[in-house]
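Here is a short briefing to read alongside the model.

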Amino acid sequence: MKKISFILACVLVFSVFTTCASSFTALFDESEHCTVDKDGTLAAYNGEYDEVLEISAEIDGKAVNKIGDRLFAAKPVNTVYINEGVKEIGKEAFGSSTLVYVDIPSSVKKIGEGAFKDCKKLTSLSIGSDDVEFGKDAFAGTDFLYIAVLCSLDTKALGDKIRNAKGDDKFTFDVMHSNLVESMLEKDIYGNNLIYCEDCGFAYRGYDDIEIPFTDVTRDAWYYPYVVTAYEFGIMNGKSETIFDPNENMTLAEAAKIAACVHLYINGDSEYQFETNTEEWYRPYVDYCYENGIIDKHIVFEWDKNATRAEMAYLFSRADDGYYVPNDDVPLTDIPDVDENTAFALNILALYRRGIATGSNEYYYFYPDAFLKRSEAATIVSRIICYDMRVYLPKG
Ligand SMILES: [Zn+2]
(Lines give C-alpha, C1' and ligand atoms only; values in the text may rest on other atoms or scores of the structure.)
Protein backbone atom coordinates (compact mmCIF):
# COMPACT_ATOMS: atom_id res chain seq x y z
CA MET A 1 0.00 0.00 0.00
CA LYS A 2 2.78 2.39 0.83
CA LYS A 3 4.47 1.71 -2.45
CA ILE A 4 1.29 2.30 -4.34
CA SER A 5 0.54 5.45 -2.42
CA PHE A 6 4.02 6.67 -3.14
CA ILE A 7 3.87 6.10 -6.85
CA LEU A 8 0.37 7.52 -7.05
CA ALA A 9 1.64 10.57 -5.25
CA CYS A 10 4.26 10.91 -7.98
CA VAL A 11 1.60 10.65 -10.62
CA LEU A 12 -0.40 13.27 -8.83
CA VAL A 13 2.53 15.63 -8.60
CA PHE A 14 3.05 15.14 -12.28
CA SER A 15 -0.53 15.90 -13.18
CA VAL A 16 -0.43 19.01 -11.01
CA PHE A 17 2.77 19.94 -12.75
CA THR A 18 1.24 19.60 -16.19
CA THR A 19 -2.00 21.35 -15.39
CA CYS A 20 -0.87 24.15 -13.16
CA ALA A 21 -0.42 26.56 -16.03
CA SER A 22 -4.12 26.58 -16.66
CA SER A 23 -4.95 27.25 -13.03
CA PHE A 24 -3.26 30.63 -13.05
CA THR A 25 -5.52 32.20 -15.63
CA ALA A 26 -6.52 35.80 -15.37
CA LEU A 27 -3.79 36.86 -12.98
CA PHE A 28 -3.91 40.20 -14.65
CA ASP A 29 -6.18 41.85 -17.12
CA GLU A 30 -4.07 41.15 -20.13
CA SER A 31 -5.80 43.47 -22.56
CA GLU A 32 -4.96 46.45 -20.36
CA HIS A 33 -1.33 45.62 -19.95
CA CYS A 34 -0.33 43.87 -23.14
CA THR A 35 0.09 45.01 -26.65
CA VAL A 36 -0.05 42.47 -29.43
CA ASP A 37 1.04 43.73 -32.82
CA LYS A 38 -0.50 42.63 -36.10
CA ASP A 39 2.03 39.81 -36.56
CA GLY A 40 0.89 38.27 -33.28
CA THR A 41 3.97 39.40 -31.36
CA LEU A 42 3.51 40.28 -27.72
CA ALA A 43 5.25 43.64 -28.05
CA ALA A 44 4.65 45.39 -24.73
CA TYR A 45 3.82 44.46 -21.19
CA ASN A 46 3.03 47.17 -18.64
CA GLY A 47 1.48 45.09 -15.88
CA GLU A 48 2.66 43.98 -12.48
CA TYR A 49 5.36 41.37 -12.02
CA ASP A 50 3.52 38.96 -9.83
CA GLU A 51 5.12 35.82 -8.48
CA VAL A 52 3.56 33.98 -11.40
CA LEU A 53 3.17 35.42 -14.84
CA GLU A 54 1.11 33.61 -17.40
CA ILE A 55 1.45 34.39 -21.04
CA SER A 56 -1.74 33.62 -22.90
CA ALA A 57 -1.84 32.39 -26.46
CA GLU A 58 -4.67 34.77 -27.22
CA ILE A 59 -5.16 38.30 -25.96
CA ASP A 60 -8.14 40.43 -26.91
CA GLY A 61 -9.06 37.99 -29.64
CA LYS A 62 -5.60 38.17 -31.19
CA ALA A 63 -3.36 35.13 -31.30
CA VAL A 64 -0.03 35.54 -29.55
CA ASN A 65 2.53 33.76 -31.70
CA LYS A 66 5.71 35.22 -30.31
CA ILE A 67 7.05 36.78 -27.15
CA GLY A 68 8.71 39.92 -28.48
CA ASP A 69 12.46 40.45 -28.56
CA ARG A 70 13.79 41.74 -25.21
CA LEU A 71 10.22 41.99 -23.84
CA PHE A 72 11.12 40.79 -20.34
CA ALA A 73 14.85 41.47 -20.52
CA ALA A 74 16.25 42.55 -17.14
CA LYS A 75 12.72 42.62 -15.71
CA PRO A 76 11.76 41.32 -12.23
CA VAL A 77 9.99 38.21 -13.48
CA ASN A 78 10.01 35.10 -11.31
CA THR A 79 7.86 32.24 -12.59
CA VAL A 80 6.54 32.25 -16.12
CA TYR A 81 4.02 29.92 -17.71
CA ILE A 82 3.77 30.22 -21.46
CA ASN A 83 0.51 28.82 -22.73
CA GLU A 84 0.16 26.21 -25.45
CA GLY A 85 -0.22 28.02 -28.75
CA VAL A 86 2.69 30.45 -28.45
CA LYS A 87 5.21 29.46 -31.12
CA GLU A 88 8.30 31.52 -30.55
CA ILE A 89 10.33 33.18 -27.82
CA GLY A 90 12.07 36.26 -29.18
CA LYS A 91 15.70 37.26 -28.98
CA GLU A 92 16.87 37.99 -25.46
CA ALA A 93 13.19 37.91 -24.44
CA PHE A 94 14.10 37.08 -20.83
CA GLY A 95 17.81 37.95 -20.98
CA SER A 96 19.38 39.06 -17.68
CA SER A 97 16.02 38.86 -15.92
CA THR A 98 15.40 37.41 -12.44
CA LEU A 99 13.52 34.45 -13.94
CA VAL A 100 13.50 31.37 -11.70
CA TYR A 101 11.22 28.96 -13.55
CA VAL A 102 9.75 28.87 -17.04
CA ASP A 103 7.30 26.44 -18.61
CA ILE A 104 7.82 26.24 -22.36
CA PRO A 105 4.94 24.41 -24.09
CA SER A 106 5.21 22.00 -27.00
CA SER A 107 3.92 24.65 -29.41
CA VAL A 108 7.13 26.67 -29.02
CA LYS A 109 9.37 25.70 -31.92
CA LYS A 110 11.88 28.51 -31.78
CA ILE A 111 13.80 29.99 -28.89
CA GLY A 112 15.61 33.13 -29.98
CA GLU A 113 19.23 34.07 -29.63
CA GLY A 114 20.10 34.84 -26.02
CA ALA A 115 16.46 34.30 -24.96
CA PHE A 116 17.46 33.24 -21.44
CA LYS A 117 21.02 34.48 -21.46
CA ASP A 118 22.42 35.44 -18.07
CA CYS A 119 19.28 34.44 -16.19
CA LYS A 120 21.39 33.79 -13.11
CA LYS A 121 18.50 32.69 -10.95
CA LEU A 122 17.01 30.26 -13.43
CA THR A 123 17.09 26.81 -11.86
CA SER A 124 14.38 24.81 -13.55
CA LEU A 125 12.25 24.77 -16.62
CA SER A 126 10.06 22.45 -18.59
CA ILE A 127 10.19 21.96 -22.32
CA GLY A 128 7.27 20.35 -24.13
CA SER A 129 8.89 19.43 -27.44
CA ASP A 130 12.20 18.19 -28.83
CA ASP A 131 11.44 19.82 -32.16
CA VAL A 132 12.77 23.19 -31.06
CA GLU A 133 15.33 25.43 -32.69
CA PHE A 134 17.61 27.07 -30.13
CA GLY A 135 19.22 30.39 -31.06
CA LYS A 136 22.85 31.07 -30.25
CA ASP A 137 23.54 31.46 -26.53
CA ALA A 138 19.86 30.96 -25.69
CA PHE A 139 20.87 29.62 -22.26
CA ALA A 140 24.37 31.02 -22.00
CA GLY A 141 25.39 32.23 -18.56
CA THR A 142 22.81 30.16 -16.70
CA ASP A 143 23.68 27.97 -13.73
CA PHE A 144 22.77 24.30 -13.30
CA LEU A 145 19.33 23.61 -14.84
CA TYR A 146 16.79 20.95 -14.02
CA ILE A 147 14.81 20.43 -17.19
CA ALA A 148 11.48 18.60 -17.00
CA VAL A 149 10.51 16.76 -20.16
CA LEU A 150 7.99 14.11 -21.08
CA CYS A 151 9.25 10.58 -21.64
CA SER A 152 8.08 10.68 -25.24
CA LEU A 153 10.74 13.28 -26.12
CA ASP A 154 14.13 12.49 -27.61
CA THR A 155 16.29 13.64 -24.72
CA LYS A 156 19.51 12.87 -26.56
CA ALA A 157 18.73 15.22 -29.43
CA LEU A 158 17.31 17.81 -27.05
CA GLY A 159 20.37 17.49 -24.80
CA ASP A 160 22.71 18.23 -27.71
CA LYS A 161 20.77 21.37 -28.57
CA ILE A 162 20.70 22.62 -24.99
CA ARG A 163 24.40 21.92 -24.53
CA ASN A 164 25.01 24.04 -27.58
CA ALA A 165 22.69 26.84 -26.47
CA LYS A 166 24.14 26.83 -22.95
CA GLY A 167 27.79 26.34 -23.66
CA ASP A 168 28.21 23.74 -20.91
CA ASP A 169 26.93 20.43 -19.56
CA LYS A 170 25.39 21.84 -16.42
CA PHE A 171 21.88 20.53 -16.78
CA THR A 172 19.93 17.36 -16.24
CA PHE A 173 16.60 16.03 -17.44
CA ASP A 174 13.78 15.11 -15.11
CA VAL A 175 11.80 12.69 -17.20
CA MET A 176 8.08 12.75 -16.53
CA HIS A 177 5.90 9.92 -17.74
CA SER A 178 3.05 11.02 -19.90
CA ASN A 179 0.78 8.05 -19.60
CA LEU A 180 1.18 6.22 -16.31
CA VAL A 181 -1.32 3.47 -15.78
CA GLU A 182 -1.95 1.47 -12.66
CA SER A 183 -2.33 -2.08 -13.85
CA MET A 184 -4.80 -4.28 -12.03
CA LEU A 185 -3.71 -7.36 -13.95
CA GLU A 186 -2.55 -10.28 -11.89
CA LYS A 187 0.44 -10.85 -14.14
CA ASP A 188 1.55 -7.27 -13.64
CA ILE A 189 1.12 -7.34 -9.90
CA TYR A 190 3.03 -10.59 -9.46
CA GLY A 191 5.28 -9.99 -12.42
CA ASN A 192 6.27 -6.71 -10.72
CA ASN A 193 4.88 -4.00 -12.97
CA LEU A 194 2.08 -2.50 -11.04
CA ILE A 195 2.59 0.93 -12.55
CA TYR A 196 3.70 1.39 -16.09
CA CYS A 197 3.79 4.07 -18.74
CA GLU A 198 1.87 3.27 -21.89
CA ASP A 199 3.96 5.72 -23.89
CA CYS A 200 7.49 4.52 -23.17
CA GLY A 201 7.10 1.12 -21.49
CA PHE A 202 8.63 2.27 -18.21
CA ALA A 203 7.45 -0.06 -15.48
CA TYR A 204 7.59 0.60 -11.79
CA ARG A 205 9.21 -2.48 -10.38
CA GLY A 206 7.90 -2.39 -6.86
CA TYR A 207 6.50 -5.90 -6.62
CA ASP A 208 9.56 -7.92 -7.57
CA ASP A 209 10.16 -9.52 -4.26
CA ILE A 210 6.93 -9.74 -2.43
CA GLU A 211 7.67 -11.20 0.94
CA ILE A 212 4.85 -11.70 3.35
CA PRO A 213 5.78 -12.17 7.00
CA PHE A 214 3.34 -15.01 7.70
CA THR A 215 4.83 -18.39 8.51
CA ASP A 216 1.45 -20.13 8.14
CA VAL A 217 0.87 -19.04 4.52
CA THR A 218 3.12 -21.08 2.28
CA ARG A 219 3.65 -20.46 -1.40
CA ASP A 220 1.87 -23.67 -2.37
CA ALA A 221 -1.35 -22.80 -0.53
CA TRP A 222 -4.25 -22.06 -2.89
CA TYR A 223 -4.89 -18.78 -1.12
CA TYR A 224 -1.27 -17.58 -1.21
CA PRO A 225 -1.77 -15.02 -4.02
CA TYR A 226 -4.89 -13.69 -2.36
CA VAL A 227 -3.28 -13.27 1.05
CA VAL A 228 -0.35 -11.50 -0.62
CA THR A 229 -2.73 -9.19 -2.45
CA ALA A 230 -4.98 -8.38 0.48
CA TYR A 231 -1.91 -7.76 2.65
CA GLU A 232 0.06 -5.81 0.08
CA PHE A 233 -2.88 -3.52 -0.65
CA GLY A 234 -3.13 -2.83 3.07
CA ILE A 235 -6.62 -4.26 3.41
CA MET A 236 -5.84 -7.24 5.68
CA ASN A 237 -3.21 -7.73 8.33
CA GLY A 238 -2.13 -10.85 10.16
CA LYS A 239 -3.47 -11.98 13.49
CA SER A 240 0.04 -11.28 14.70
CA GLU A 241 3.21 -10.17 12.95
CA THR A 242 3.96 -13.67 11.72
CA ILE A 243 0.59 -15.44 11.83
CA PHE A 244 -2.18 -14.89 9.31
CA ASP A 245 -4.39 -17.73 10.51
CA PRO A 246 -6.00 -18.48 7.15
CA ASN A 247 -8.52 -21.02 8.44
CA GLU A 248 -9.73 -18.91 11.33
CA ASN A 249 -13.22 -17.38 11.20
CA MET A 250 -13.85 -13.65 11.19
CA THR A 251 -16.23 -11.62 13.28
CA LEU A 252 -18.73 -9.30 11.66
CA ALA A 253 -16.71 -6.40 13.10
CA GLU A 254 -13.61 -7.64 11.26
CA ALA A 255 -15.58 -8.14 8.05
CA ALA A 256 -17.03 -4.61 8.33
CA LYS A 257 -13.55 -3.21 8.76
CA ILE A 258 -12.43 -4.96 5.58
CA ALA A 259 -15.51 -3.74 3.69
CA ALA A 260 -14.80 -0.18 4.79
CA CYS A 261 -11.12 -0.43 3.78
CA VAL A 262 -11.97 -1.92 0.38
CA HIS A 263 -14.54 0.79 -0.27
CA LEU A 264 -12.09 3.48 0.76
CA TYR A 265 -9.40 1.98 -1.46
CA ILE A 266 -11.70 1.86 -4.48
CA ASN A 267 -12.93 5.37 -3.92
CA GLY A 268 -9.41 6.63 -3.52
CA ASP A 269 -9.70 9.22 -0.79
CA SER A 270 -6.11 9.02 0.41
CA GLU A 271 -6.72 11.83 2.90
CA TYR A 272 -9.31 9.86 4.86
CA GLN A 273 -8.23 8.51 8.22
CA PHE A 274 -10.29 6.18 10.36
CA GLU A 275 -10.50 7.46 13.90
CA THR A 276 -9.35 5.33 16.80
CA ASN A 277 -11.91 4.22 19.31
CA THR A 278 -10.43 2.63 22.39
CA GLU A 279 -13.73 1.23 23.65
CA GLU A 280 -15.04 -0.26 20.41
CA TRP A 281 -12.15 -0.57 17.98
CA TYR A 282 -14.49 -1.40 15.08
CA ARG A 283 -16.89 1.54 15.60
CA PRO A 284 -15.19 3.94 13.11
CA TYR A 285 -15.30 1.23 10.43
CA VAL A 286 -18.92 0.36 11.12
CA ASP A 287 -19.84 4.05 11.06
CA TYR A 288 -18.04 4.38 7.74
CA CYS A 289 -20.06 1.46 6.36
CA TYR A 290 -23.34 3.09 7.36
CA GLU A 291 -22.29 6.53 6.13
CA ASN A 292 -21.20 5.22 2.76
CA GLY A 293 -24.17 2.99 2.02
CA ILE A 294 -22.30 -0.28 2.51
CA ILE A 295 -24.77 -1.21 5.24
CA ASP A 296 -28.39 -0.08 5.06
CA LYS A 297 -29.58 1.93 8.02
CA HIS A 298 -32.16 -0.66 9.05
CA ILE A 299 -29.69 -3.54 9.21
CA VAL A 300 -27.95 -4.22 12.49
CA PHE A 301 -25.39 -6.95 12.99
CA GLU A 302 -24.02 -8.41 16.19
CA TRP A 303 -20.49 -7.30 15.62
CA ASP A 304 -18.70 -9.80 17.86
CA LYS A 305 -20.34 -12.82 16.25
CA ASN A 306 -18.72 -14.79 13.50
CA ALA A 307 -19.66 -13.61 10.03
CA THR A 308 -21.39 -16.09 7.77
CA ARG A 309 -20.57 -16.27 4.09
CA ALA A 310 -23.98 -14.74 3.31
CA GLU A 311 -23.28 -11.79 5.60
CA MET A 312 -19.88 -11.42 4.00
CA ALA A 313 -21.60 -11.34 0.59
CA TYR A 314 -23.78 -8.49 1.81
CA LEU A 315 -20.88 -6.42 3.13
CA PHE A 316 -18.36 -7.11 0.39
CA SER A 317 -20.71 -6.86 -2.60
CA ARG A 318 -21.80 -3.46 -1.38
CA ALA A 319 -18.19 -2.33 -0.82
CA ASP A 320 -17.38 -3.13 -4.45
CA ASP A 321 -18.36 -0.50 -7.00
CA GLY A 322 -20.13 -3.13 -9.11
CA TYR A 323 -18.58 -1.73 -12.24
CA TYR A 324 -17.08 -4.92 -13.62
CA VAL A 325 -19.53 -7.77 -14.22
CA PRO A 326 -18.00 -10.53 -16.35
CA ASN A 327 -20.75 -13.09 -15.66
CA ASP A 328 -23.83 -10.93 -15.96
CA ASP A 329 -26.08 -13.77 -17.12
CA VAL A 330 -25.63 -16.16 -14.19
CA PRO A 331 -29.13 -16.87 -12.81
CA LEU A 332 -29.84 -17.42 -9.14
CA THR A 333 -30.98 -20.93 -9.98
CA ASP A 334 -27.38 -21.81 -10.88
CA ILE A 335 -26.46 -21.64 -7.19
CA PRO A 336 -27.97 -24.85 -5.79
CA ASP A 337 -27.98 -23.92 -2.11
CA VAL A 338 -29.21 -20.34 -2.51
CA ASP A 339 -32.69 -19.24 -3.48
CA GLU A 340 -34.76 -16.11 -3.16
CA ASN A 341 -35.53 -16.90 0.47
CA THR A 342 -31.87 -17.13 1.43
CA ALA A 343 -30.68 -14.13 3.40
CA PHE A 344 -28.76 -11.74 1.15
CA ALA A 345 -29.43 -13.89 -1.93
CA LEU A 346 -29.09 -10.99 -4.35
CA ASN A 347 -25.76 -9.98 -2.81
CA ILE A 348 -24.52 -13.55 -3.20
CA LEU A 349 -25.66 -13.54 -6.80
CA ALA A 350 -23.90 -10.21 -7.37
CA LEU A 351 -20.60 -11.76 -6.24
CA TYR A 352 -21.00 -14.62 -8.74
CA ARG A 353 -21.94 -12.25 -11.56
CA ARG A 354 -18.92 -10.07 -10.84
CA GLY A 355 -16.59 -13.08 -10.83
CA ILE A 356 -15.77 -12.47 -7.15
CA ALA A 357 -17.33 -15.63 -5.72
CA THR A 358 -17.30 -18.89 -7.63
CA GLY A 359 -18.84 -21.39 -5.28
CA SER A 360 -17.04 -24.01 -3.32
CA ASN A 361 -17.19 -26.78 -5.87
CA GLU A 362 -18.03 -27.40 -9.51
CA TYR A 363 -21.75 -27.05 -8.78
CA TYR A 364 -21.38 -23.50 -7.49
CA TYR A 365 -22.46 -24.34 -3.95
CA PHE A 366 -22.09 -21.23 -1.81
CA TYR A 367 -22.68 -22.54 1.72
CA PRO A 368 -24.32 -19.28 2.83
CA ASP A 369 -24.57 -20.28 6.50
CA ALA A 370 -20.98 -21.45 6.86
CA PHE A 371 -18.62 -19.14 8.69
CA LEU A 372 -16.32 -17.01 6.61
CA LYS A 373 -12.63 -17.98 6.80
CA ARG A 374 -9.86 -15.41 6.65
CA SER A 375 -8.40 -17.04 3.54
CA GLU A 376 -11.78 -16.68 1.84
CA ALA A 377 -12.03 -13.05 2.86
CA ALA A 378 -8.57 -12.45 1.34
CA THR A 379 -9.75 -14.08 -1.88
CA ILE A 380 -12.85 -11.91 -2.13
CA VAL A 381 -10.87 -8.77 -1.34
CA SER A 382 -8.29 -9.60 -4.02
CA ARG A 383 -10.92 -10.21 -6.66
CA ILE A 384 -12.71 -6.97 -5.82
CA ILE A 385 -9.52 -4.96 -6.21
CA CYS A 386 -7.82 -6.85 -9.05
CA TYR A 387 -10.13 -7.41 -11.99
CA ASP A 388 -7.73 -9.93 -13.47
CA MET A 389 -8.22 -12.20 -10.48
CA ARG A 390 -11.94 -12.44 -11.10
CA VAL A 391 -13.27 -15.67 -12.44
CA TYR A 392 -15.24 -16.24 -15.60
CA LEU A 393 -17.92 -18.83 -14.93
CA PRO A 394 -18.80 -21.29 -17.66
CA LYS A 395 -22.41 -21.11 -18.71
CA GLY A 396 -24.93 -23.78 -17.65
ZN1 LIG B 1 6.78 7.11 -20.05
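In this predicted model, the axes of H6 and H10 come within 11 Å and cross at roughly 15°. With a crossing angle under 35 degrees, H6 therefore counts as roughly parallel to H10.

**H6 with H10**
- H6 passes H10 in a right-handed crossing.
- On the H6 side, the contact is made by Ala-255, Ile-258, Val-262 and Tyr-265, and H10 answers with Ala-377, Val-381, Ile-384 and Ile-385.
- Sorted by class, the residues of this contact of H6 with H10 are 8 nonpolar, no polar and no charged.
- An α-helix has 3.6 residues a turn, so residues three or four places apart point the same way.

**H6 with H8**
- The axes of H6 and H8 come within 8 Å, again with a crossing of roughly 15°.
- These two helices are therefore roughly parallel to each other as well.
- The crossing of H6 past H8 is right-handed.
- H6 brings Leu-252, Ala-255, Ala-256, Ala-259, Val-262 and His-263 to the contact, while H8 brings Glu-311, Met-312, Leu-315, Phe-316 and Ala-319.
- By class, the contact of H6 with H8 has 9 nonpolar, 1 polar and 1 charged residues.

**The largest nonpolar core**
- Which residues touch the most other members of this core? Among its 53 residues, they are Val-227, Ala-255, Ala-256, Ala-259, Ile-348, Ala-377 and Val-381.
- At least two core residues come from each of helix H5 (224-232), helix H6 (252-267), helix H7 (283-291), helix H8 (309-319), helix H9 (345-353) and helix H10 (374-385).
- H6 gives the most to this core, supplying 9 residues.
- Apart from this core lies another one, of 40 residues, which includes Cys-34, Tyr-45, Val-80 and Ala-138.
- In soluble globular proteins, nonpolar side chains tend to be buried together.

**A closer look at Ala-377**
- Leaving aside residues up to four places away in sequence, Ala-377 touches Met-236, Met-250, Ala-255, Ile-258, Met-312 and Leu-372.
- Two of these partners, Ala-255 and Ile-258, also belong to the H6 side of the contact with H10.

**H5 and what follows**
- H5 is mostly covered, with 7 of its 9 residues buried.
- The buried residues of H5 are Tyr-226, Val-227, Val-228, Thr-229, Ala-230, Tyr-231 and Glu-232.
- After H5 comes Gly-234, which has a positive phi, near 75°.

Definitions and conventions
Residues numbered from 1 in each chain as written. Predicted model: local features only at pLDDT ≥ 70, side-chain atom pairs only at ≥ 80, totals over all residues. Core = buried A, V, L, I, M, F, W, Y, C linked by C-beta atoms within 7 Å. Buried ≥ 20, exposed ≤ 12 C-beta atoms within 10 Å, placed from the backbone. Helix = DSSP H or I, 4+ residues; strand = E, 2+ residues; numbered from the N terminus. Contact = placed C-beta atoms within 7 Å. Axes fitted to C-alpha atoms, helices over the stretch in contact; angles between N-to-C directions. Parallel < 35°, antiparallel > 145°, perpendicular 65-115°, else oblique. Left-handed = near helix turned anticlockwise from the far one by under 90°. Nonpolar A, V, L, I, M, F, W, Y, C, P; charged D, E, K, R; others polar.
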